Amino acid sequence: MTPTPVRLPVAAPTQDLLREEAARYALLRRIAPAIRHHMAGTLQPIGMIAAILDRRLQAETPDLAVLRDNSKSISTLSRSASAASMNLITWVVPKENGSIALEAGIEEALGMLATDLAFRGFTVANQVNAPDVATSVFALRTVFTASLIALTDAAHAPANVVLSSEPAGDQTRVCITVTRTEGAATPDEGRGYRALGWDDVQALADAEQVSIRYSAVHADMLFHRIEQALVIG
């Protein structure tokens, strides 16, 4: 007689968990075009070298030394593109949380959003100065990035975005301030997904244990410091 399978009860997700998952999905949908753009950029040089190599192979007497150099270039570019793509994929499917230098993490997030912000009429001035501070990769990639998107989603372009930092006890405060500038308004580019709101940012901040304050034109976040010796990126 075949035993009847036993179905174990599955705990229903809490309201806080549902809010967090919704916020993470919304953030991912907003940065997905940037991830796609950066991945395409890492592969473009390989295609260019491959096209050059193909033309040289069609010569009556190909220069083997040059062809070897082109082949080595493709190999080098492929390894570089693979490493860059794997790093980009961790924005989609994160590995275990690690630590990162605060300045490097903010530069990474700005690099992800730079094209989108510039296209929408925002000029970013990064004045963060914390050379010896490290913090959570997840916290920076989620809370900081979502705060920057939420502020610029609500702002009227053109505008200046200023990033700054200051010590706050055993934590570091990172501030984002948006200031409207004179000029023609940038037309709405028709974003592919909804705007991020402060409910989304707060859900992510709660999940990453980041204290945050915000208004229509300003946000500041308190990031926990991690010993520099533990930094992995």
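Buried means under 20% relative accessible area, exposed means over 50%, and partly exposed is in between, with a 1.4 Å probe and protein chains only. By that scale Glu108 is partly exposed, with a relative accessible area of 22%. The structure is a predicted model, in which local features need pLDDT of at least 70 and side-chain atom pairs count only at pLDDT 80 or more, while totals for chains, interfaces and linings use all residues. Residues are numbered from 1 along each chain as its sequence is written, and side-chain values use heavy atoms, with hydrogens and water left out.

**Salt bridges**

- A salt bridge is a side-chain nitrogen of Lys or Arg within 4 Å of a carboxyl oxygen of Asp or Glu, and by this rule there are eleven salt bridges.
- One of them pairs Glu108 with Arg141, whose closest N and O atoms are 3.0 Å apart.
- Glu108 belongs to helix 3 (residues 102-119) and Arg141 to helix 4 (residues 137-154), so this pair ties together parts that are 33 residues apart in sequence.
- Helices (H or I, at least four residues) and strands (E, at least two) are DSSP runs, numbered from the N terminus.
- Arg141 is buried, at a relative accessible area of 11%.
- Arg173 and Asp220 also meet through their side chains in a salt bridge, at 3.7 Å from N to O.
- Arg173 lies in strand 5 (residues 171-180) and Asp220 in strand 7 (residues 218-224), so the pair ties together parts that are 47 residues apart in sequence.
- Both Arg173 and Asp220 are buried.
- Between Arg194 and Asp200 there is a salt bridge with its closest N and O atoms 2.8 Å apart.
- Arg194 is partly exposed at 36% relative accessibility, whereas Asp200 is buried at 10%.

**Nonpolar cores**

- A nonpolar core is a set of buried Ala, Val, Leu, Ile, Met, Phe, Trp, Tyr and Cys residues joined through side-chain atoms within 4.5 Å.
- The largest one has 49 residues, and those with the most contacts inside it are Leu102, Ile106, Phe144, Met221 and Phe223.
- Elements that each supply at least two residues of this core include helix 1 (15-57), helix 2 (64-92), strand 4 (159-168) and helix 5 (198-208).
- Helix 4 gives the most to this core, with ten residues.
- Apart from this core lies another, of six residues, among them Ile46, Ile49, Leu53 and Ile74.
- Contact means heavy atoms within 4.5 Å; leaving aside residues up to four places away in sequence, Phe223 touches residues including Leu102, Ala139, Phe144 and Val210.

**Packing of helix 4 and helix 5**

- Helix 4 and helix 5 pack at an angle of about 165°, with their axes 9 Å apart.
- Axes are lines fitted to C-alpha atoms, for helices over the stretch in contact, and angles run from 0 to 180 degrees between N-to-C directions.
- Helix 4 is therefore roughly antiparallel to helix 5, a term for angles over 145 degrees.
- Residues making the contact include Phe138, Val143 and Leu151 of helix 4 and Trp198, Val201 and Leu204 of helix 5.

**Backbone features**

- Ala157 and Pro158 are joined by a cis peptide bond, with omega about 0°.
- Pro158 is in the loop between helix 4 and strand 4.
- Gln209 is not a glycine, yet has a positive phi of about 55°.
- Gln209 sits in the loop between helix 5 and strand 6 (211-214), and is exposed, with a relative accessible area of 60%.

Notes:
Angles under 35 degrees count as roughly parallel, over 145 as roughly antiparallel, 65 to 115 as roughly perpendicular and the rest as oblique.
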